[in-house]
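Have the sequence and the 3D view open as you read.

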Amino acid sequence: MMRETRLLIGAAVPGALLPLTAAAVAGASAASIGMPMLWVVVAPTAVLFGGIVRMVGGAWIAAALLIIGLVAADPSPWRTATVIAAVHLLQVLGSLMLVIPLRSWIAVRALAPTAVRFVLVQLLCQAVGLLASLLPTRSGLPLAAIAGAAAVLVFTVLVVRMLATGRAGAFSTADAARGADGSSATSGDG
Amino acid sequence: MSNPHIARGSSSRRSSPSIYLAIVGALGTAVMGALLARPEVIAVGLPFALWAVHALTTPGGGTVRVAIAKVEAETTDRLSDDVVIQSGAELVEVAVRQSERVRRRVFVAGSARLHSRVRPLHSGPLTSVEVAVRGLDADAGSIGAPQPPIHVTRTVQPVLRRLPRLPLAPRLTGLHGAHEGSRPGQGGDFRGIHPFAPGDELRRVDWKATARAARRPGELLVRRTNSLSDASAVIVMDTADDLGTVVATWGTPDPARSGVTSLDHARSAARSIAAATIEQGDRVAFHTLALGGRSVRSGGGRRHLARIVAEIAASGRAGDDARFRRTPPVPHGSIIYVLSTFFDGAAAEIAMRWRASGHRVVAVDTLPELDRSRLTVERTLALDVLLAERQDMLHQLREAAVETVRWSSGIDGELSALARAGTAVQSGVGR
């Protein structure tokens with residue numbers, strides 16, 4: 001007997017798969033970076049709760065827990081790579097979970113741009129994460145000083161660009177004024 | 001000119017809270033990594049930062065165009081529609097309501113085609129699919145404005161029942177038809193032998209009768225026959241109530257659990273009576289009793305039947321002013337079928353008025369067999385009172401010489417009995 005209503009959208013996955021995936025990512029990541037068992041349970045639970053009550057933002061709670069777990073542990077390249085992938089995935093899934101209800105369906109084709117963008121961003125971020133893991137941290141490179149220097153550099157570049165823009169604008173204004181004068185002189189000569 | 005099946009929405013967008021959370025995450029990891037001299041912690045915030053920048057700078061996919069295309073299904077017991085979505089958005093949220101009750105929400109790519117299939121539970125007008133959309137970009141970080149819904153309304157043909165014989169109108173009209181008329185003409189039975197008169201056709205001369213019974217030389221006798229005439233039927237449908245088999249669903253818009261409704265019966269009765277009337281060569285008109293309701297003037301033939309069936313299928317429950325009825329005009333000497341549940345006195349009053357003016361009126365009770373399950377004691381008592389009042393109404397109709405039948409499995413027998421009774425009465429009084 002035929003169902004009373006049907007809606008065909010092609011290959012699709014249920015919306016409930018998003019919080020389940022996010023919870024699995026949070027739990028597996030927490031376990032793999034060696035967090036205590038309590039937090040291994042709390043992180044996916046927060047994600048699942050956030051899947052039901054969206055205002056909680058469970059995915060971001062789990063991401064924060066993973067970052068705290070990373071900070072609490074000794075620096076390690078694979079741990080950094082795991083957390084970079086996990087927080088990015090939690091950010092993407094959490095953003096989708098805010099608008100996609102549990103009982104809805106998502107066409108697989110609609111997730112293709114998200115997957116492609118995730119891979120591209122991960123390639124860049126993992127490379128940066130690997131470089132950052134190789135930097136010496138305790139021996140005498142105070143990151144606060146580096147960050148301050150970077151901030152000064154950025155500020156300087158911005159100021160120079162602003163001044164250059166202002167100067168160029170001033171020149172263009174002067175040129176325009178001179179052009180106007182010249183045209184009036186030409187018409188006067190004629 | 002706007003098309004109800006095509007919509008094009010605005011392109012205004014808003015940011016999701018996830019963007020602000022991503023910014024907080026990026027700044028938090030940066031500050032934490034800087035304070036703790038942990039560059040890898042800063043690197044963890046990089047996906048947050050890139051995600052937020054992308055979401056803030058993405059232009060959005062513009063407007064979302066959505067259209068509904070009817071699909072001719074291979075079977076008549078289901079309705080198919082295609083929902084075509086075209087946009088530059090990365091993801092489109094589609095809220096769908098099928099068959100006026102089932103709600104679904106799906107997320108599809110920016111350009112997609114959805115196929116909706118509905119099995120109608122009732123006859124009559126049905127909004128088979130209603131769609132509202134909004135575009136999403138950057139992993140739903142950028143949310144488009146929801147667009148006003150569009151819908152497509154289909155009509156579901158009522159069930160046709162074969163009615164072998166229908167009661168006849170009290171007065172026959174015209175010189176064409178399938179019924180024996182009362183005036184001299186052609187096509188009917190033998191009427192009598194008469195002297196030849198101007199206007200008689202020579203081929204009507206009965207030479208044997210002339211040889212036998214002519215009283216003067218040169219006198220000719222002709223055979224005369226009755227004419228064939230047609231009758232007029234009027235179908236009047238009361239659309240004030242749509243009451244289902246399950247009494248517990250009365251007053252609630254729950255077509256899935258209501259069972260067969262009184263309007264299903266009314267539409268089926270109207271279609272069956274119209275088809276049987278046209279089939280026996282008579283003229284038929286159709287009216288609904290609601291103010292501003294549908295009307296099809298009297299006529300005959302298959303095209304006219306198709307027009308009437310289309311109007312019957314498009315007749316739904318009347319609006320809030322359904323308690324105020326109109327009295328449609330009917331041809332003299334018609335037989336009028338009043339299709340109603342007769343719960344309130346309006347339809348019965350109009351039927352009695354028509355009967356008093358000389359029409360033959362058949363009241364067709366369209367209330368289905370009732371299912372009293374899940375009723376409280378109070379509601380059962382209220383139902384009993386309503387049914388008692390209805391019985392009283394039907395009794396008044398019978399007292400006013402309005403013939404009453406119930407639209408059920410034995411309706412063909414009841415109508416045949418009415419036809420026989422009507423023939424006996426008419427042959428007694430002459431036509």
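1. A word before you start: this is a predicted model. The points below begin with a sheet in chain B and then turn to the place where the two chains meet.

2. Look at the strands of chain B and you will find an open sheet built from six of them, in the order β15-β14-β13-β16-β17-β18. The pairing in this sheet is mixed. Residues 295–299 (β15) and 403–406 (β18) of chain B form its edges; each of these strands has a single partner, so one side of each is left without a neighbour in the sheet. From one strand to the next, the twist averages 20 degrees.

3. One pair to locate is Val362(B) with its bridge partner in β18(B), Glu403(B).

4. Now to the interface: 48 residues of chain A are in contact with 52 residues of chain B. On the chain A side, β1, α3, α4, β3, α5 and α6 each supply at least two residues. The largest share is that of α4(A), with twelve residues. What classes of residue make up this side of chain A? There are 33 nonpolar, twelve polar and three charged residues.

5. Strand pairing also links the two chains. Four bridges join β1(A) to β7(B), residues 112–118, and these strands run antiparallel. To find the spot, pick out Arg6(A), whose bridge partner in β7(B) is Arg117(B).

Conventions:
Residues numbered from 1 in each chain as written. Chains lettered and ligands numbered in written order. Predicted model: local features only at pLDDT ≥ 70, side-chain atom pairs only at ≥ 80, totals over all residues. Pairing = 2+ DSSP bridges. Axes fitted to C-alpha atoms, helices over the stretch in contact; angles between N-to-C directions. Contact = placed C-beta atoms within 7 Å. Nonpolar A, V, L, I, M, F, W, Y, C, P; charged D, E, K, R; others polar.
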